[in-house]
Amino acid sequence: MTCCNSHSSGNDNFAADRAAGDAVVAAYPGIAESVRANRAFLARVVRFLAAEAGITQFLDIGTGIPAADNTHEVAQAVTPAARVVYVDYDPVVLQHARVLLTSTAPGTIDYIDADLREPAVILGAAARTLDFTRPVAVMLIAVMHLITDADDPYGIVGQLKAAMAPGSYLALSQVASDIETEQVAEARRRYNSLARETQRHRTQAEVTSFFDGLVLVDPGVVPVQRWRPDSDLTASAKSTMWGGVARR
Ligand SMILES: C[S@@+](CC[C@H](N)C(=O)[O-])C[C@H]1O[C@@H](n2cnc3c(N)ncnc32)[C@H](O)[C@@H]1O
């Protein structure tokens, strides 16, 4: 496990985050379904990257607390030797990291405690596990809406893209500003007034711009439940997240 930052204590923030979460649910009750649809998107993306695109190296930034179908579980079910590096800056996620690091597969898993706003730090630490001269999948799943314009989100993604060898993939999802517009905007206002992070929701065009310079895989940037759904049930879910995958 690699630790690179001194983010403030998770306990200090826990109550505030929970209050922010409750306020968001009150404004937008559909958020639970949206979160589930995004997790299912994550699993389909990793399965596609491992099984169809032949990717064996994954850099999953904004990991979150372990849930069903974590990246290494899906990737190593296809390719047991897959190498996965998780990155998050939340001390609560760090406390859960041992769950992510326990795998019976022969592949390698690492966890980096670092901030996405410092991509050079992440790339330097990840290079201990991943070979950036070979294709890698960079995953920014449900994290870019937590990067405001002041933090230069396109510059951050640009630095990550520049480190990706030809044949690499970028997978990204984030909260939309142009789906269920009013409810989601109210949820964002409540979140921003209570949580330590500020959310910046983006339009389909703004999310598509993150993939500039890469070739989008079909069907492009779509609501996450419609990205290569594995059943009609999957496709009929509701979400307020745009998601896509593109190849360098
Ligand atoms: C909504 S969760 C998404 C978790 C997971 N990727 C998923 O899709 O289920 C966002 C995660 O990104 C992390 N995060 C937010 N801003 C970050 C930053 N600047 N650097 C690193 N991690 C960050 C949060 O701590 C949180 O764990």
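**Exercise 1. Is the crossing of helix 5 and helix 6 right-handed or left-handed?** Describe how these two helices pack in this predicted model.

*Solution.* 
- Now find the pair. Helix 5 covers residues 119-126 and helix 6 covers residues 153-162; their axes come within 9 Å and cross at roughly 25°.
- Angles under 35 degrees count as roughly parallel, so helix 5 is roughly parallel to helix 6.
- As for the hand, the crossing of helix 5 and helix 6 is right-handed.
- Next, look at who touches whom: Pro119, Ala120 and Leu123 of helix 5 meet Ile156, Gln159 and Leu160 of helix 6.
- Sort that contact by class and you get 5 nonpolar residues, 1 polar residue and no charged ones.

**Exercise 2. Work out how helix 2 packs with helix 3.**

*Solution.* 
- Helix 2 runs over residues 31-52, and helix 3 over residues 71-78.
- Their axes are 9 Å apart, and the packing angle is about 30°.
- Use the cut-off from Exercise 1 again: with under 35 degrees counting as roughly parallel, helix 2 is therefore roughly parallel to helix 3.
- The crossing of helix 2 and helix 3 is right-handed.
- From helix 2, the contact uses Leu42, Ala43, Val46, Arg47, Ala50 and Ala51, and from helix 3 it uses Thr71, Val74, Ala75 and Val78.
- By class, this contact of helix 2 with helix 3 splits into 8 nonpolar, 1 polar and 1 charged.

**Exercise 3. Which residues line the largest cavity?** Give its volume too.

*Solution.* 
- Begin with the count: there is 1 cavity of 30 Å³ or more.
- The space in the largest cavity is about 40 Å³.
- Its lining is made of Arg39, Leu42, Asp60, Thr63, Gly64, Ile65, Pro66, Asn70, Thr71, Tyr86 and Leu100.
- Divide that lining by class and you find 5 nonpolar, 4 polar and 2 charged residues.

**Exercise 4. Which helix gives the largest share of the lining of the second largest pocket?**

*Solution.* 
- First, the volume of the second largest pocket is about 170 Å³.
- Of its 13 lining residues, Arg36, Ala37, Ala40, Arg44 and Thr234 are closest to the centre.
- Helix 2 gives the largest share of the lining, with 8 residues.
- By class, the lining of this pocket holds 4 nonpolar, 2 polar and 7 charged residues.

**Exercise 5. Where do Pro219 and Ala142 lie?** Say what their backbones do.

*Solution.* 
- Keep the background in mind: most residues other than glycine have a negative phi, and most peptide bonds are trans.
- Now check the proline. The peptide bond from Asp218 to Pro219 is cis, with omega near 5°.
- Pro219 sits in the loop between strand 7 (215-216) and strand 8 (222-223).
- Then turn to the alanine. Ala142 is not a glycine, yet its phi is positive, at about 60°.
- Ala142 is found in the loop between strand 5 (137-141) and helix 6.
- That brings us back to helix 6, the partner of helix 5 in the right-handed crossing of Exercise 1.

Technical notes
Residues are numbered from 1 along each chain as its sequence is written. This is a predicted model: local features need pLDDT of at least 70, side-chain atom pairs count only at pLDDT 80 or more; totals for chains, interfaces and linings use all residues. Side-chain values use heavy atoms; hydrogens and water are left out. On a 1 Å grid over the protein atoms alone, a cavity is a set of points where a 1.4 Å probe fits but cannot get out, and a pocket is an open set with protein on both sides within 12 Å along at least five of seven lines; lining residues have an atom within 4 Å of a point. Grid points are joined across faces, edges and corners, and a volume is the space filled by probe spheres set on the points. Helices (H or I, at least four residues) and strands (E, at least two) are DSSP runs, numbered from the N terminus. Ala, Val, Leu, Ile, Met, Phe, Trp, Tyr, Cys and Pro count as nonpolar, Asp, Glu, Lys and Arg as charged, and the others, Gly among them, as polar. Axes are lines fitted to C-alpha atoms, for helices over the stretch in contact, and angles run from 0 to 180 degrees between N-to-C directions. Angles under 35 degrees count as roughly parallel, over 145 as roughly antiparallel, 65 to 115 as roughly perpendicular and the rest as oblique. A crossing is left-handed if the near helix is turned anticlockwise from the far one by less than a right angle, and right-handed if clockwise. Contact means heavy atoms within 4.5 Å.
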